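Q: I would like to learn how to read the main features of a structure. Please take them in turn, with the general idea before the case.

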Amino acid sequence: MTLGALVSGDSAPSQGALSADRTPVVPDPPGEVRPRNDGRWLRTGADIPQRYRHLIIEAGTMCDVPQVTPALVAAVLEAESGFDPTLSDPARDEYGIARWTPRVLRYYLPPARQKTVPTPPFSPEDSIPAVGRMLCAIAPELEGVPGDPALNLAAGYRISTWRVQRQGPELRRIQPYLDRVRANLERYRPSPPRS
């Protein structure tokens with residue numbers, strides 16, 4: 001999924017590409033253990049593999065950005081890989097359930113692991129929380145951008161925030177991806193409470 005010089009997960013702050021000595025500020029994972037799935041975070045019966053639900057809930061609840069939700073994290077993962085943890089696309093340098101490129105995943109791992117570029121394969125335990133960290137980190141860059149805030153985040157994950165801010169042709173090129181994320185969001189959001 002290469003657009004220009006960036007690939008999936010290649011979202012750098014609008015000031016330019018990340019360098020080894022400048023890392024983005026990303027939130028630490030929550031200290032408490034969240035429930036695997038009580039129906040409050042993800043729709044029960046959805047096609048989200050049970051073994052990833054707790055990681056998706058952790059990733060989607062690690063910051064107070066309203067559009068960063070477990071449903072969005074799951075929607076992005078499904079659109080990126082169909083929840084395939086073994087995905088390997090060396091031609092695009094994308095790997096794992098979230099299609100991370102090694103040089104970008106590095107910045108969304110826990111701080112102690114950001115000193116070196118990781119080597120694929122990437123485990124879901126590394127990849128999924130990193131999606132949450134990235135979405136939380138890029139959300140401020142997309143405030144005020146026209147469109148659905150959750151889909152803007154998905155687009156920022158896919159092609160970079162500055163391309164979403166620019167509202168250029170790259171957004172039209174990834175419209176099928178965004179349509180898939182939108183459909184996934186509808187399937188994965190928890191059912192509204194009955195009155």
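Q: At what angle do the axes of helix 2 and helix 5 cross?

A: Two packed helices are described by the angle between their axes and the distance between the axes. Here the axes of helix 2 and helix 5 come within 11 Å and cross at roughly 45°. Axes are lines fitted to C-alpha atoms, for helices over the stretch in contact, with angles from 0 to 180 degrees between N-to-C directions. Helices (H or I, at least four residues) and strands (E, at least two) are DSSP runs, numbered from the N terminus. This is a predicted model, in which local features need pLDDT of at least 70 and side-chain atom pairs count only at pLDDT 80 or more, while totals for chains, interfaces and linings use all residues. Residues are numbered from 1 along each chain as its sequence is written, and side-chain values use heavy atoms, with hydrogens and water left out.

Q: What word describes the orientation of helix 2 and helix 5 to each other?

A: Angles under 35 degrees count as roughly parallel, over 145 as roughly antiparallel, 65 to 115 as roughly perpendicular and the rest as oblique. Helix 2 and helix 5 are therefore oblique to each other. Their crossing is right-handed; that is the term if the near helix is turned clockwise from the far one by less than a right angle, and left-handed is the term if anticlockwise.

Q: Which residues of helix 2 and helix 5 meet?

A: Contact means heavy atoms within 4.5 Å. From helix 2, Leu-72, Val-76 and Glu-80 meet Ala-150, Leu-153, Ala-154, Tyr-157 and Arg-158 of helix 5.

Q: How do helix 2 and helix 8 pack?

A: Their axes are 8 Å apart, at an angle of about 135°. That makes helix 2 oblique to helix 8. The contact involves residues including Ala-71, Ala-75 and Ala-79 of helix 2, and Tyr-177, Val-181 and Tyr-188 of helix 8.

Q: Which residues touch the most other members of the largest nonpolar core?

A: A nonpolar core is a set of buried Ala, Val, Leu, Ile, Met, Phe, Trp, Tyr and Cys residues joined through side-chain atoms within 4.5 Å. Buried means under 20% relative accessible area, exposed over 50%, and partly exposed in between (1.4 Å probe, protein chains only). In the core of 58 residues, Ile-56 and Trp-100 touch the most other members. Helices that each supply at least two residues of this core include helix 1 (50-60) and helix 4 (124-138). Leaving out residues up to four places away in sequence, Ile-56 touches Leu-42, Ile-48, Pro-70, Val-73, Ala-74, Leu-77, Phe-83 and Ile-128.

Q: What is the phi of Phe-83?

A: Most residues other than glycine have a negative phi, and most peptide bonds are trans. Phe-83 has a positive phi of about 65° although it is not a glycine. Phe-83 is buried, with a relative accessible area of 6%. Asp-93 also has a positive phi, near 60°, but is partly exposed at 27%. A cis peptide bond, with omega about 5°, joins Pro-120 and Pro-121.
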